[in-house]
Amino acid sequence: MTTAPSRRQFLSGVGVIAVGFALGATAPPAAGASPRGAVRVSDTPATSASWLVLDGDAITVYSGKVELGTGVRTSLAQVVAEELRLTVADVRWVQGDTRLGAEQAGTFGSKTLQNGGPELRRAAATAFAELRRRAAVHFHVGIDDVEARDGRFFRRSRPQQSITYGKLAGLEQSVLANDVAAPLVPPEQYRVVGTSVPRVDLPGKLDATFEYVGDVRLKGMQHGRVVRPPGRNAHLAADAVITGVPSGARLVRKGDFVGVVAGSEWAAARAATALTVPWTPGPALWPPETLPQTLRDPANSYAQSLERNEVTDLTVFDGGYRQQYYTPFYLHGPMGAACAVADVRAAPDRGTGIQATIWCSSQNVFELRRVLAALLGLAEAVVQVLYVEASGCYGHDGSDDVAADAALLSQATVKPVKVQWTRQDDFGWEPAAPAQAHDLCGVVADGKITAWQHKLYTPSANSRPVRTAAGSVLAGKLTGNAPDLLPPSTQVNQATRNYPVNYRFPQHTPAKLVRSFVTTAADPRAPQLPVVYTLPRSSALRSLGGFSNSFANESFFDELAERAGRDPLDLRIEALAAKPGDTDAVVSDAARAQAVCQALRGDWQTWHDRHRNPLAERVGAGVAFQRYETTGAFVATMVEVQVDAAGTVKVDRVVVAHDCGLIVNPDGLRNQIQGNVIQGVSRTLYEEATYAGDRMTSTVWQENSTRPDKAYRVIRFTEIPREIKIILIGHPDKPAFGAGEPTLGTMPGAIANAVRAATGTRVRTLPLRLPAANG
C-alpha cells in the first residue's frame with residue numbers, strides 16, 4: 001500500500017473520490033462542483049468536515065476520533081467496509097491530526113461508534129454510490145445491472161465483465177457532500193458488521209512493534225522534567241532564587257513553572273532532583289476526614305441543578321426512608337505514566353506553516369491545540385497536535401498536562417523536548433474523579449416505590465482543556481493563567497450522569513455543585529487569582545458521575561425493596577414497565593429495559609435454589625440496572641460474592657445482560673463489558689485517592705521504604721471474578737449505543753447488594769470495607 005494521500009493531493013489531484021462528512025455534525029456541501037461531479041477545492045483546511053477518501057489503492061478515513069485502545073478503529077472500519085462491500089483490511093485510518101483531520105468533539109463518553117458510526121456509514125455509502133454510477137457508465141448499462149464484491153463491479157447480465165474499484169476511482173476526481181439519500185446495506189445483508197473481526201491494532205501491540213507516544217523520537221530531541229510544587233497551592237516568590245542546576249542542564253522558569261532540559265532522560269531526572277527550589281507553602285485543602293459533610297455544606301456550593309421534578313408535594317418525603325452514601329476521589333491509574341513530545345520552532349515552517357508540533361495522547365486534540373496556542377502565545381493555525389496512542393486513559397488523565405509541559409520546555413529551548421512523567425507525577429497531579437455525597441429518600445406503599453428523592457452534592461466531573469483557558473492545564477496554572485469557569489448549573493450528564501433513574505415512579509432530583517477552588521465575589525463560577533484550590537482538581541473518569549450516582553441509586557433501590565418485602569429483581573422489572581398512554585418509543589424502551597433484567601432470571605433463581613441460607617454460608621447475590629445516561633445502552637448485572645471471616649469480599653461470578661442496539665463487533669463488545677466489570681470491582685472494593693494538606697498522598701502502586709506515600713490500590717489478577725457471563729441482546733435494526741461505560745455503573749450497587757445478602761451489613765461508603773466476622 002502507498003502512503004495515505006495528503007489533503008492537498010486528494011483535494012487537488014485526480015483519480016480520487018473524497019466524501020466530506022462530519023461525525024456528529026452536518027457536513028457542508030462541496031463548493032464549485034462541475035456538471036460531472038469533479039471538484040477542485042483549495043488547500044484551506046475545512047473546519048467541520050472530515051474525509052473518507054477512495055483512491056486507486058485503498059480507502060483512507062481522516063478522523064478527529066481516535067483509537068484509545070477500545071477497538072473503535074476496527075468497528076468503524078467494519079462500518080465502512082460493509083457499505084463498500086470490502087474488508088476491514090482495505091481501510092486505512094489517519095486519526096487525531098489537527099492539520100489533516102477535522103474537529104469532531106473529542107473521543108469520550110462512549111460516543112464514537114454511537115455518533116460517528118452512522119455518519120461514517122453514510123459517507124461510505126455515498127462513495128459506493130459514486131463508484132456504482134461510474135461502473136454503470138463504464139458498462140453502458142443501468143445502475144441495476146451492476147453489482148459489487150471483493151473490490152470489483154460486475155455486470156449482472158454478463159458476469160465475465162468486471163472492473164476494479166481502483167480503475168473506477170482513477171477515471172475522474174470527485175469531492176462529494178455526504179448524501180443522506182445514498183442507499184444503505186440493509187441489516188439482513190450484513191457480512192462484516194455483526195462479526196467478530198480481529199482488532200486491527202492488536203498484532204503490533206502483541207509483537208512489540210506498535211509505536212506508542214513514548215516511542216516518538218525526533219532528531220536533536222532533548223529530555224525534560226518539571227519540578228512540581230510540594231502542594232497544589234504552593235508558589236514561588238517573584239525574587240526566589242533557584243540553585244543547584246547541574247552542568248549540561250538548562251533551567252526553565254516561567255512564574256511558578258520550573259523545569260529542566262538535558263540531553264538524556266537520566267540527566268534530566270538527576271537535574272530535577274538536584275535543584276533547590278524555595279517554595280512558599282499554600283493553604284490546605286478541605287480536610288478529607290470531614291469531606292462528606294463539607295460537600296453537603298450549603299456555603300460550599302456555587303450552583304444547583306434539578307433534572308427531575310415530578311413530585312408536586314415534597315411533604316410526601318417527611319415520613320420517608322432516608323439514607324446517605326459517599327464515594328471517594330478516584331485516579332485514572334494508567335499502567336504507563338503520561339508522556340508527550342513537543343517541537344516548538346522559532347518561526348513557522350515555510351512549507352506547512354506550522355511552528356509548534358506536539359505529539360500526545362489527548363482525547364481532544366483540537367481543544368488542546370487552542371489551549372496550547374494560548375499558552376505559547378501563538379496563533380492557533382500554526383500549532384499542530386498529533387494523537388499518538390498511550391496507556392489506557394479512561395477519561396481526562398495527565399495527557400493534556402504533559403503535552404503543555406513539553407510545549408513550554410521546547411519553546412524555551414527551541415529544541416524538540418520529550419517529557420516523561422513519573423508514577424508520582426501521574427498520581428500526584430493528574431485530574432481525579434470527584435468525591436460525591438448522596439442523600440436519598442424513598443416512600444414505599446403497597447409493595448411499591450411511590451416517590452423517590454436523590455440529593456446529590458458533587459464537585460465538577462469535567463475540567464478538560466477548553467478554548468483559550470490556558471489555566472486548564474497544569475503548566476498554564478503555574479504560569480499564572482486562570483482555569484476555566486466552573487461548570488454552570490446545567491451540568492447535565494457530567495457529575496449528574498445517571499442520578500435520575502429510569503424507573504417509572506415520581507422523582508425529585510436536586511443537585512448542589514461544589515466549588516473546587518476559591519471563587520470571586522462577583523461570579524461564583526470564576527476563580528480568584530492566584531488560584532487557591534479547596535479540593536483536588538477533578539475531571540472526567542470513565543462514566544463520570546454515573547458510577548457514584550448508580551451506586552447510591554441501586555443500593556437504595558434494594559433497601560426500599562427490602563422494606564417493601566419484594567424480590568429486588570422482580571421489583572425492578574415492575575418499576576420499569578410502560579404506562580398507559582406512553583408513546584411507541586417509550587413502550588419500546590421500557591420493554592428493552594425489562595428484557596435485560598428478565599435475562600438474569602435464570603441465574604438469579606439458580607443461585608437462590610443453591611444457597612438457602614446465604615448468611616450462614618457468607619455468600620450473596622445482588623442485582624443492579626442502569627440505562628446509561630438514561631438514554632443509552634441498557635444493562636442489568638448480577639454479582640455473586642463470597643465474604644471470609646476477616647471481612648474480605650471476593651467477587652466470584654458476574655452475569656451481565658447488555659443491549660446496545662446494533663452490535664458491530666461482538667468480540668469487541670464483550671471485551672468492553674469485561675473491562676467494565678473488572679474496573680467496577682476494582683473501584684468498588686479497592687480504589688481510593690487520598691490527600692493531606694494540599695497534596696495527593698496516594699502516589700505509588702505499592703508502599704515501600706523509598707516511597708513513603710500511600711499506595712493507590714487496584715485489583716490484582718488473582719482478584720478478577722472467576723467467571724464473567726455475558727448475555728448480548730442485539731437489535732440490528734436499531735442504532736448502536738456506545739458500550740465503553742454502561743456496565744461500569746451497575747457494578748458497585750450489585751456488589752453492595754450482594755454483600756448485604758451475604759453478611760446482613762449494608763455498606764454505603766466506598767471502597768467497600770467490612771469488619772471481621774467476630775469484630
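**A friendly first look at this predicted model**

Student: Leaving aside neighbours within four places in sequence, which residues is S516 in contact with?

Tutor: Contact means heavy atoms within 4.5 Å. Leaving aside its neighbours within four places in sequence, S516 touches L486, Y533, T534 and L535.

Student: Before we go on, how should I read this model?

Tutor: It is predicted, so local features need pLDDT of at least 70 and side-chain atom pairs count only at pLDDT 80 or more, while totals for chains, interfaces and linings use all residues. Residues are numbered from 1 along each chain as its sequence is written, and side-chain values use heavy atoms, with hydrogens and water left out.

Student: Does S516 count as buried or exposed?

Tutor: Buried means under 20% relative accessible area, exposed over 50%, and partly exposed in between (1.4 Å probe, protein chains only). Because its relative accessibility is 7%, S516 counts as buried.

Student: Which residue in strand 6 is the bridge partner of A148?

Tutor: Strands are DSSP runs (E, at least two residues), numbered from the N terminus, and two of them pair if DSSP finds at least two bridges between them. Strand 5 and strand 6 (residues 152-155) pair in the antiparallel sense over four bridges. In strand 6, the partner of A148 is F153.
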